[in-house]
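Here are a few notes to keep beside you as you look around. Have the viewer open, and take the points in order.

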Amino acid sequence: MPTDSNPTSISALRLWGGRVMSFLPALLLLVDAVMKFVKPPQVVEGTIALGFPESSITGMGIALLVSVIFYLIPATSVIGAILLTGYLGGAVVTHVRAGHGAFEITFPVIFGMILWGGLVLREKRLEVILPWRRT
């Protein structure tokens with residue numbers, strides 16, 4: 001691996017891989033946020049079935065939309081990832097409480113890992129806080 005005088009520089013392939021890996025789940029979360037504002041019957045019914053009142057849907061949509069926007073802006077992407085981790089953690093807890101299966105419980109965890117993976121690929125400075133090291 002070549003060394004670089006700029007510790008924050010990354011290859012174009014890694015940068016674009018991180019962008020794609022970040023954009024796809026962010027796009028799905030943006031669609032989810034928009035659906036919380038549109039409130040089609042499936043969203044309302046699903047939210048109520050999970051134990052939330054209909055009045056909470058807009059607030060969840062605002063929280064999700066703001067978090068995704070922060071995630072997509074390079075200067076605030078880490079804050080956005082932290083906020084989305086909290087949002088997805090709430091999804092995990094909700095599905096555990098509802099007694100759902102392994103897929104519904106693990107999907108938000110995997111989704112969060114993809115979001116963070118994309119961010120780490122885009123932002124070399126985050127390698128410092130990862131629990132593994134290269135030899």
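Is V44 buried or exposed?

1. Please keep in mind that this is a predicted model. To settle the opening question, V44 counts as buried, because its relative accessibility is 12% and the cut-off for buried is under 20%. You will find V44 in helix α2, which covers residues 41-49. Setting aside neighbours within four places in sequence, V44 is in contact with K39, E54 and I57.

2. Now step back to the whole protein. There are 5 helices and 0 strands, and reading along the sequence gives the pattern α-α-α-α-α. The C-alpha trace spans about 55 × 30 × 20 Å along its principal axes. Of the 135 residues, 29% count as buried. Among contacts with a separation of 6 or more, 63% are accounted for by residues 24 or more positions apart.

3. K39, one of the contacts of V44, deserves a look of its own. K39 sits in the loop between α1 and α2. Its phi is near 55°, a positive value in a residue other than glycine. For background, most residues other than glycine have a negative phi. K39 counts as partly exposed, because its relative accessibility is 29%.

4. Next come the helix pairs. Two packed helices are described by the angle between their axes and the distance between the axes. Start with α1 (residues 12-38) and α3 (residues 57-72), whose axes come within 8 Å and cross at roughly 155°. The two helices are therefore roughly antiparallel to each other, and their crossing is left-handed. On the α1 side the contact is made by S22, A26, L29, L30, D32, A33, K36 and F37. On the α3 side it is made by I57, T58, M60, G61, I62, L64, L65, V68, Y71 and L72. Sorted by class, this contact of α1 with α3 has 13 nonpolar, 3 polar and 2 charged residues.

5. L30 lies in helix α1 and is partly exposed, with a relative accessible area of 23%. Leaving aside neighbours within four places in sequence, L30 is in contact with L65, V68 and L72. L30 and V68 are 38 residues apart in sequence, while their C-alpha atoms are 6.8 Å apart in space.

6. What does α3 meet in α4? The axes of α3 and α4 (residues 77-97) come within 6 Å and cross at roughly 145°, and this crossing is left-handed. From α3 come M60, L64, S67, V68, F70 and Y71, and these meet S77, I79, G80, A81, L83, L84 and Y87 in α4. The residues of this contact of α3 with α4 divide into 10 nonpolar, 3 polar and no charged.

7. The pair α4 and α5 comes next. Their axes come within 8 Å and cross at roughly 170°, and the two helices are therefore roughly antiparallel to each other. From α4 the contact takes in S77, V78, A81, I82, L84, T85, L88, A91, V92, H95 and V96. From α5 it takes in E104, I105, P108, V109, F111, G112, L115, W116, L119 and R122. By class, the contact of α4 with α5 has 15 nonpolar, 4 polar and 2 charged residues.

8. Which residues of the largest nonpolar core touch the most other members? Of its 15 residues, they are L29, L64, V68, Y71, L84 and L115. The elements giving two or more residues to this core are α1, α3, α4 and α5 (102-122). The largest share, 4 residues, comes from α5. As general background, nonpolar side chains tend to be buried together in soluble globular proteins.

9. Finish with Y71, one of those core residues. Leaving aside neighbours within four places in sequence, Y71 is in contact with S22, A26, T76, S77, G80, A81, L84, L115, G118, L119 and R122.

Conventions. Residues are numbered from 1 along each chain as its sequence is written. This is a predicted model: local features need pLDDT of at least 70, side-chain atom pairs count only at pLDDT 80 or more; totals for chains, interfaces and linings use all residues. Side-chain values use heavy atoms; hydrogens and water are left out. Axes are lines fitted to C-alpha atoms, for helices over the stretch in contact, and angles run from 0 to 180 degrees between N-to-C directions. Angles under 35 degrees count as roughly parallel, over 145 as roughly antiparallel, 65 to 115 as roughly perpendicular and the rest as oblique. A crossing is left-handed if the near helix is turned anticlockwise from the far one by less than a right angle, and right-handed if clockwise. Contact means heavy atoms within 4.5 Å. Ala, Val, Leu, Ile, Met, Phe, Trp, Tyr, Cys and Pro count as nonpolar, Asp, Glu, Lys and Arg as charged, and the others, Gly among them, as polar. A nonpolar core is a set of buried Ala, Val, Leu, Ile, Met, Phe, Trp, Tyr and Cys residues joined through side-chain atoms within 4.5 Å. Buried means under 20% relative accessible area, exposed over 50%, partly exposed in between (1.4 Å probe, protein chains only).
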